[in-house]
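Here are a few notes for a colleague who is looking at this structure for the first time. Please read them with the model open beside the text.

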Amino acid sequence: MEKRIIYADHSATTAVSDEVLQAMLPYFKEHYGNPSSIYSIGRENERAIIDARMRIANCLGADPKEIFFTAGGSESDNWAIKGVADKLAAKGKKHIITSVFEHHAVLHTCEFLEKHGFEVTYLPVSPDGLIDPQQVADAIREDTALVTIMYANNEIGTIQPIAEIGAICKAKGVLFHTDAVQAVGNVEIGVKAQNIDLLSLSGHKFHAPKGIGALYIRKGVTLPNLVHGGGQESGKRAGTENVPGIIGLAKAIELATANIPAKTAKLTPLRDKLIDGILKIQDTRLNGSREHRLPGSVNISFVGIEGESLLLMLDHYGIMASSGSACTSGSLDPSHVLLSLGLSHEVAHGSLRLSFGEEFTEADADYILAVLPEIVERLRAMSPMWETIQKEGIHFNEDKTKLVK
Ligand SMILES: *Cc1c(COP(=O)(O)O)cnc(C)c1O
């Protein structure tokens with residue numbers, strides 16, 4: 001079989017697209033002016049930023065004044081959560097609700113706040129990776145400052161009932177933040193219709209460059225300044241604007257949100273074909289709901305092998321994928337997301353995430369399905385764990401979360 005090169009790690013990052021790059025290029029040289037300057041190349045860039053802010057707002061159903069540029073998803077998450085915490089602590093509200101399987105940009109921010117006198121409720125998720133809105137409602141207290149629940153999970157691709165959670169928060173008068181980094185461009189988002197008060201997004205997950213993102217802050221919500229200095233971003237995040245990045249972000253979000261139904265219709269059958277094909281390999285399990293799932297996201301555990309060895313073999317065959325999330329693959333601890341589904345360490349260790357975008361084809365899916373069973377077989381043949389499993393008749397329990405005798 002002819003070797004193919006397949007980038008199946010879109011949840012980690014994406015390449016800057018040609019259209020986005022072309023839109024950005026003039027802003028590195030000809031249009032280099034500081035948007036705060038008075039002469040024409042400065043004023044032109046100020047206008048370009050106003051235009052970009054408006055286009056980004058349109059894609060989210062927001063007002064341009066509600067869009068604040070940041071350096072990406074992690075910064076937006078930090079600003080939203082610490083900002084609300086700081087603001088509402090003064091009113092005696094020192095309780096935050098989140099979930100156990102958030103991105104570390106949210107979880108570690110919450111842990112930081114716990115060290116500073118805040119109380120955090122970490123909601124569990126269902127075995128198929130969904131958050132129950134009723135549990136959110138039940139967790140809200142008199143002193144709750146913020147609910148922060150991710151829109152779509154970066155490891156298992158599950159999409160949360162965001163509008164329902166938003167409605168609950170609104171009814172109870174609690175602010176609602178969502179980390180929508182994985183959702184933008186995959187799911188139709190309307191911040192007003194979904195009662196979202198704060199939303200984080202990051203350009204590099206949808207073909208804009210790394211290091212540019214935004215935080216939507218609903219009008220009426222005032223956060224403390226993130227960076228003190230000049231008057232940029234309404235004085236809330238000072239520093240000369242990343243003009244090329246902002247232009248690229250606007251172009252990329254327009255392209256990403258323009259044809260979500262078509263993209264979903266193209267990718268969902270390919271995703272399902274991959275899932276069904278991979279699950280034919282014995283002793284495998286799908287992680288995360290099949291139904292409430294990003295169209296380009298697959299996560300499967302293989303009994304008896306290590307995710308890392310699987311990634312190295314796949315790389316040899318030209319397939320770039322991930323095991324857990326890129327941030328945790330440097331460590332030996334299994335992913336907190338997979339553990340949150342109730343998986344034992346053995347089952348979580350042998351996991352594979354394939355996440356792909358619009359350029360993914362049927363031929364790519366066929367290639368993966370052709371090489372993967374062979375790779376798994378070879379790795380299992382070399383695995384002492386697999387040998388023990390076979391010899392001692394160890395097998396999956398009923399819900400395939402653990403291995404039992
Ligand atoms: C990638 C990612 C982030 C971090 O975004 P950066 O722009 O890399 O800081 C945060 N949350 C989720 C869900 C992500 O997938």
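1. At the ligand, one of its oxygen atoms is 2.9 Å from a polar backbone atom of Gly-73. Please keep in mind throughout that this is a predicted model.

2. Turning to helix packing, helix H2 (residues 40-60) and helix H7 (residues 243-258) pack at an angle of about 30°, with 9 Å between their axes. Because angles under 35 degrees count as roughly parallel, H2 is described as roughly parallel to H7, and the crossing of the two is left-handed.

3. The contact between these helices involves, among others, Ala-48, Ile-49 and Ala-52 of H2, and Ile-246, Ile-247 and Ala-250 of H7. By class, this contact of H2 with H7 has 12 nonpolar, two polar and three charged residues.

4. Helix H9 (residues 307-316) packs with helix H12 (residues 362-382) at an angle of about 135°, their axes being 10 Å apart. H9 and H12 are therefore oblique to each other, and their crossing is right-handed.

5. In this second pair, Ser-309, Leu-310, Met-313 and Leu-314 of H9 meet Leu-372, Ile-375, Val-376, Arg-378 and Leu-379 of H12, so that by class the contact of H9 with H12 has seven nonpolar, one polar and one charged residues.

Note on methods
Residues numbered from 1 in each chain as written. Predicted model: local features only at pLDDT ≥ 70, side-chain atom pairs only at ≥ 80, totals over all residues. Heavy atoms only, no water. Axes fitted to C-alpha atoms, helices over the stretch in contact; angles between N-to-C directions. Helix = DSSP H or I, 4+ residues; strand = E, 2+ residues; numbered from the N terminus. Parallel < 35°, antiparallel > 145°, perpendicular 65-115°, else oblique. Left-handed = near helix turned anticlockwise from the far one by under 90°. Contact = heavy atoms within 4.5 Å. Polar contact = N/O pair within 3.5 Å; in protein donor to acceptor, adjacent residues only side chain to side chain.
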